[in-house]
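Here are my notebook entries from a first look around this structure. Please keep the model open beside them and follow along.

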Amino acid sequence: MKIIDKVNKALEDDRCFWSFEYFPPKTQPGVMNLYDRIERMCDLGPLFIDVTWRWGGKSSDLTLELCSVSQTVYGVEANMHMTCTNTNFSLIKNALEKAKDNGVQNILALRGDLPDGTVEFDPSVGEFKYATDLVRYIRQTYGDYFCISVAGYPEGCMGPEDIDRDIEYLKAKQDAGADMVITQLFYDVDNFLGWVDKCRKAGVTIPILPGIMPIQNYGGFKRMTKLCRIKVPQEIWDRLEPIKDDDQAIKDYGIEVAVEMIRQMKSAGVRGFHFYTVNLERSTRMVLEKLGFVPSVNEVRPLPWNPSLSEKRAGENVRPIFWRNHARSYVKRTELWDEFPNGRWGDARSPAFGELVHSVQVRLTTEQAVRRWGTPTSVEDVNALFVKFCRGELDSLPWSDMPLQPESQLIQDRLAEINARGFLTINSQPSCNGVASTDKIHGWGPPNGFVYKKAYLEFFVSPAAIDALLARLNAEPSVTYHAVNKGGKLLTNCAEDSANAVTWGVFPGKEILQPTIVERASFLAWKDEAFDFWNAWARVYDSDSPTAALLRSFGDSWYLVNIVENNFQKSSEAIFDLFADLGH
């Protein structure tokens, strides 16, 4: 979808909206961490994100990948930067074709910084001298397919003496086909509002989104404002000077400044705000929370998982629960499917799940892993780590790069209890019976609906404890389960072809939606990844170390089990009664 359509709708509704900018990291671990951050920040309800690319198109492939994955996996519209100065024409042409092929419909067309401190355009490299040339080319070549945004400079591109000329250039970019403007960062709101008035008088009618960059640290702030030739009100410098060596105080003051800027602009009628996140989360999150910019549940969670914006996956509304914390993997392993479940699951064996092409990875160095997880040398040590995760004392485990889900926090004490006894949980869901779809914890889907969930647990258990556990489960008629070891030995009380809906919703004027299921073939596909995380965790230690040997032994001999308490009228606590007196 084109961003301008969403922007215009928000303006028509007189509704505030916001967007986030990220840059491509230079390392693969950095890329994976950024994906996790984007996923978390999608909960803040951005209207779109955008992703930069380095001059000369050096990051063009990674920029496109970040945009495509953000849309396909996380369900957020992405705006792809494209700079034209000293960029070969064929690279730009290929990048636009790839963007179209990947369903990316939004381009931020920029001239771009000149390389190596040069100030003159090199006519021997590239066919475009100005952003206007790039805008015109995109519009003439692709018609209305792309939404084209362009940069605006409230304080002049090269300095205040250029403001009037820059506004003329901005009008030319609009006339060439630009749909909207995103401004450079600034800290003088009065100057910005005056600049917007000048733009309107000059005939610039397209939406203008102000660029907001919360101050993160003193040195970086000085360098950035100098590099971008940004005027900073003296009041800000005066407040920063006595705290310049206190990074946390700087960040807190930066949040305060951003909040006050946005309040002032909002009072003047501005409704859209673009955050330069510098790939950081906290400051942007705190600014939005202090402003009360909290998206509605149905905006953030139309389904319990993020629906893909890929045209190929349009209408997909059913997924197995197993990949709840690994959406990228699920999308990758199903990308060759010709059809995706809509309304019902169908047969997951045809087409089959794609194989794991690469081993799963733990995104920590050895030093980081030791600092976070220590060097466990016994089963009890590993149990203790899982307990700490359940209690919120650890923010990640190899199976989850994020803390315990908000809904699972409702049962975190009971989770901690069974983990301490050797039932190591990697996924969980409490039950609910007809909770409003707007509920902040359980809710999803359109307003005025009701959602239902069966209690669900997924965990590893030792071979010594599996028989007693299954005897307990087989005695409970309302419980279904699957248990499998690394070698594929499956124990279950479920019919082979049955798909068990564990989440469903009832909404006005709609069929009942069943977006999350438990199903045998899917579980057997997922178990390969689940077990491989033990090996991935072991690989961050020396291969001959006791810690690595211990972790490999979990994957080699333990069972992966999922349990569904199908009586959703029972409390969320009831499923834990199955573990009474089991384990150690």
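**Entry 1: strand 17**

I began with strand 17 (residues 513–519), where five of the seven residues are buried, so the strand is largely enclosed by the rest of the structure. For me, buried means under 20% relative accessible area, exposed means over 50%, and partly exposed lies in between (1.4 Å probe, protein chains only). Helices (H or I, at least four residues) and strands (E, at least two) are DSSP runs, numbered from the N terminus.

A note on the source: this is a predicted model, in which local features need pLDDT of at least 70 and side-chain atom pairs count only at pLDDT 80 or more, while totals for chains, interfaces and linings use all residues. Residues are numbered from 1 along each chain as its sequence is written, and side-chain values use heavy atoms, with hydrogens and water left out.

Which strands pair with strand 17? I call two strands paired if DSSP finds at least two bridges between them. Strand 9 (residues 319–320) runs parallel to strand 17, with two bridges, and here I found arginine 319 opposite threonine 516. Strand 16 (residues 499–506) pairs with strand 17 in the antiparallel sense, over five bridges, and alanine 501 faces isoleucine 517 across that pairing. Strands 16 and 17 make a hairpin with six residues between them. In its turn I noted glycine 509, with a positive phi of about 70°.

**Entry 2: helix 10**

Next I checked the length of helix 10 (residues 247–267). Its 21 residues should span 30 Å at 1.5 Å a residue, and the end C-alpha atoms are 30 Å apart, which agrees. The expected span is 1.5 Å times one less than the number of residues.

I then looked up which residues of helix 10 are buried: they include Ile250, Tyr253, Ile255, Val259 and Met265. What covers them? Going by contact (heavy atoms within 4.5 Å), I found that the cover includes helix 7 (189–201), strand 7 (208–212), helix 8 (218–227), helix 9 (234–240), strand 8 (272–276) and helix 11 (282–291). After helix 10 comes glycine 269, whose phi is positive, near 105°.

**Entry 3: salt bridges**

How many salt bridges does a search of the whole structure find? It finds 29, where a salt bridge is a side-chain nitrogen of Lys or Arg within 4 Å of a carboxyl oxygen of Asp or Glu.

- Aspartate 61 and lysine 98 meet at 3.5 Å, N to O. This pair links distant parts of the chain, 37 residues apart: aspartate 61 is in helix 3 (residues 60–72) and lysine 98 in helix 4 (residues 89–101). Aspartate 61 counts as exposed at 52% relative accessibility, whereas lysine 98 is partly exposed at 39%.
- Lysine 244 and glutamate 241 have their closest N and O atoms 3.0 Å apart. Lysine 244 is partly exposed at 32% relative accessibility, and glutamate 241 is partly exposed at 40%.
- Lysine 486 and aspartate 556 meet at 3.1 Å, N to O. This pair also links distant parts of the chain, 70 residues apart: lysine 486 is in the loop between strand 14 (479–485) and strand 15 (490–492), and aspartate 556 is in helix 20 (residues 546–557). Lysine 486 is partly exposed at 35% relative accessibility, and aspartate 556 is partly exposed at 48%.
- Arg37, Arg40, Glu281 and Arg285 are linked in a network of salt bridges.

**Entry 4: two asparagines**

Asparagine 279 has a phi of about 65° and lies in the loop between strand 8 and helix 11. Asparagine 448 has a phi of about 70° and is found in the loop between strand 11 (432–436) and strand 12 (450–453). Are they buried or exposed? Asparagine 279 counts as buried at 9% relative accessibility, while asparagine 448 counts as exposed at 64%.

**Entry 5: phenylalanine 23**

My last stop was phenylalanine 23, in the loop between strand 1 (17–22) and helix 2 (28–41). The residue is partly exposed, with a relative accessible area of 39%.
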